[in-house]
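Let's take a walk through this fold, from the overall build down to what packs inside.

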Amino acid sequence: MIHKILCVFISLGLHQVYGQTLQSRRGDGTLITYRLSLANTAAQFPLVAILTGSECYSNINRFEWAKKKFANENVTVLSLEKPGISGPVENCPQEYLQLNSLDQRIADHLQIIAELKNTLPGWNRQIVWMGGSEGAMLGGVLAPIVPETLGAVLIAGGGGMTFEDELLITIPRMMREQKASEEQISVALVEFNNMAKEARANPDWTQSWGGDSNTFKWWKSVLDVKPVDALSQVEFPILMIHGDADLNSAVEASDLMAVKFSQLGKTNLEYLRLPGLDHGLRDKTGVSQMDRVVDNNVMPWLQNLTKNRITTGDL
C-alpha cells in the first residue's frame with residue numbers, strides 16, 4: 001500500500017507534495033509512525049533521517065523549516081515517531097513508557113529502512129543520519145551498522161565516552177549553574193549512581209529518574225553507549241557539532257571523539273566546537289542559532305557530500 005501511495009504521487013507529477021505520514025507494524029503488533037518529506041523532484045534522491053532527542057513528544061512535524069531546505073536540495077527526509085506516539089502528545093502514553101529505549105529506536109529505524117528499499121521509488125539507497133542530543137547518540141549507533149549510510153551529522157551528542165561518564169560531568173555542571181552547594185551535588189551523584197546500578201539490574205518501565213518519561217528501561221539502554229568505538233572504524237564522512245556552553249551534554253565527550261580520530265590518523269571527521277552555544281544551539285541571549293548553523297555548516301557539508309558521493313544506487 002505504501003508503495004502504491006508514493007507511486008501515485010510521482011506518476012501524477014505531484015512530487016512537490018511536501019510529506020506523507022505512514023505506518024508499519026512491529027513484530028508485537030504495535031505501530032511505528034513515520035513521515036517522508038519528499039524531495040522537490042521526481043529524480044533519484046538520498047534520504048536524510050532526522051533523529052530527535054529523548055523527550056516524550058511528537059517528532060515527525062518538527063524542523064519543518066529544515067525539511068524544506070533539504071527538499072530543495074533533492075533530499076527526502078525520513079522522521080520516525082517513538083513508540084506509542086502518532087501525533088501531538090498531552091500526556092506521555094503508557095505504550096511509550098513500556099517500549100521506549102535506544103534499542104527500540106534502533107530496531108524501528110532498521111525496520112523502516114528495510115521496508116523503504118522495496119516501497120520508496122526514487123531512493124538511491126543512500127542515507128545521511130542527522131541527530132541531536134539522544135538523536136546524535138542514535139545516529140552514532142545506526143550509521144556504522146547500516147550499509148546504505150553515506151554520512152552522519154551529530155549535534156550536541158558527545159559520544160567519545162559512555163553516556164554515564166558524560167552525566168558524571170554534566171550533573172555537577174548543571175547544578176553549579178543553578179547555584180547548588182557541593183553537598184547537594186554529592187548527594188545527587190550518589191542518587192545517580194544508585195539509579196544506574198538499579199536500572200541495569202532491574203530495567204523496570206514503571207520506575208523513572210530525571211523525568212517521568214526517563215524510565216529505568218530507557219536508562220539501561222543508554223548508560224553504556226559509547227558511539228566512538230564503532231564510528232572510529234568507519235570511512236564515511238561525519239560532521240560533529242557541539243556548543244561549548246552546553247550544560248546537558250558534555251562537550252568534553254565530543255572533544256574525546258575528535259582526539260580518537262586524530263590519534264588513528266583518520267580524516268573523515270569534521271568537528272565544529274561552537275563558542276557560547278548551548279544544547280539547543282542558542283547563544284547567551286537565548287536566541288537560537290540552529291538555522292544559521294544549518295545554513296552555514298550543515299547544508300554546505302551535505303551539498304559537498306552529495307555532489308561527490310551520491311550515485312544512482314542499485315535500484
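**From the outside in**

Buried residues (under 20% relative accessible area with a 1.4 Å probe, protein chains only) make up 51% of the 315 residues in the protein chain. Keep in mind that this is a predicted model, where local features need pLDDT of at least 70, side-chain atom pairs count only at pLDDT 80 or more, and totals for chains, interfaces and linings use all residues. Residues are numbered from 1 along each chain as its sequence is written, and side-chain values use heavy atoms, with hydrogens and water left out.

The chain carries 11 helices and eight strands, counted as DSSP runs (H or I, at least four residues, for helices; E, at least two, for strands) and numbered from the N terminus. Its C-alpha atoms fill a box of roughly 65 × 45 × 35 Å along the principal axes. Take contacts (heavy atoms within 4.5 Å) between residues at least 6 apart in sequence: 68% of them join residues at least 24 apart.

So what sits inside? A nonpolar core here is a set of buried Ala, Val, Leu, Ile, Met, Phe, Trp, Tyr and Cys residues joined through side-chain atoms within 4.5 Å. The largest one has 55 residues, and Leu36, Leu47, Leu116, Trp129 and Trp219 have the most contacts inside it. Helix 7 (residues 182-201) supplies the largest share of this core, six residues. There is also a second, separate core of 26 residues, with Ile50, Ala156, Val293 and Val298 among them.

Now zoom in on Trp219. Leaving aside residues up to four places away in sequence, Trp219 touches Phe163, Leu167, Phe192, Met195, Ala199, Trp209 and Asn214.

Definitions and conventions: Buried means under 20% relative accessible area, exposed over 50%, partly exposed in between (1.4 Å probe, protein chains only).
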